[in-house]
Amino acid sequence: MDSHTLALLIPLAPFMIAGFAIWTRHQRRMAELQVTATAEKAAQYASHSRELEERVRVLERIITDGGYNTALQIEALRDTRDVEAEEQAKETRQ
């Protein structure tokens, strides 16, 4: 390096260091936001998983319990699902 280039870089060094510090803070903040989003998604997946496990337990109970009329309960579940689908369709139209 010649002396002119070095003379130019010395006054610019504080600005480059400040820019690097700002960039580092930005990267840390982005990582924190990503960790938060990942934790929220994991909580949602866990909740959804619990709901599915509960539905499986209900179905197992319906199938294994001889005191209930299985066909009627399955039809009742279908009817409930149809009603929920109609309600969602109405909500999306509004």
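These legends accompany close-up views of a predicted model.

**View 1. The whole chain, for orientation.** The protein has 2 helices and 0 strands. Of its 94 residues, 1% are buried. The protein exposes about 8,700 Å², and carbon and sulfur atoms supply 61% of that area.

**View 2. Helix α1 from end to end.** Helix α1 covers residues 3-64. Its 62 residues should span 92 Å at 1.5 Å a residue, and the end C-alpha atoms lie 88 Å apart, which agrees. Look for the bend of about 45° at Leu12; a proline, Pro14, follows within four residues.

**View 3. A nonpolar patch on the surface.** Leu8, Leu9, Leu12, Phe15 and Met16 make up this patch, with about 510 Å² of accessible area together. Leu8 belongs to helix α1, and this leucine counts as exposed because its relative accessibility is 53%.

**View 4. The Arg29 and Glu32 pair.** Here is one of the 3 salt bridges found in the whole structure. The closest N and O atoms of Glu32 and Arg29 are 3.8 Å apart. About one helical turn separates the two, because they are 3 residues apart in α1. Glu32 is partly exposed at 41% relative accessible area, and Arg29 is partly exposed at 47%.

View 5. Arg57 forms a salt bridge with Glu53, with the closest N and O atoms 3.8 Å apart, and both lie in α1, 4 residues apart. Arg57 also forms a salt bridge with Glu54, with a closest N and O separation of 3.4 Å. Through shared partners, salt bridges join Glu53, Glu54 and Arg57 into one network. Arg57 itself is partly exposed, at 44% relative accessibility.

Technical notes
Residues are numbered from 1 along each chain as its sequence is written. This is a predicted model: local features need pLDDT of at least 70, side-chain atom pairs count only at pLDDT 80 or more; totals for chains, interfaces and linings use all residues. Side-chain values use heavy atoms; hydrogens and water are left out. Patches are made of residues with over 30% relative accessible area and no salt bridge: like charges are joined within 9 Å, nonpolar side chains (Val, Leu, Ile, Met, Phe, Trp, Tyr) within 5 Å. Accessible areas come from the Shrake-Rupley method with a 1.4 Å probe; for residues, only the protein chains shown count as cover. A salt bridge is a side-chain nitrogen of Lys or Arg within 4 Å of a carboxyl oxygen of Asp or Glu. Buried means under 20% relative accessible area, exposed over 50%, partly exposed in between (1.4 Å probe, protein chains only). The expected span of a helix is 1.5 Å times one less than its number of residues. The bend at a residue is the angle between axes fitted to the seven residues ending there and the seven starting there.
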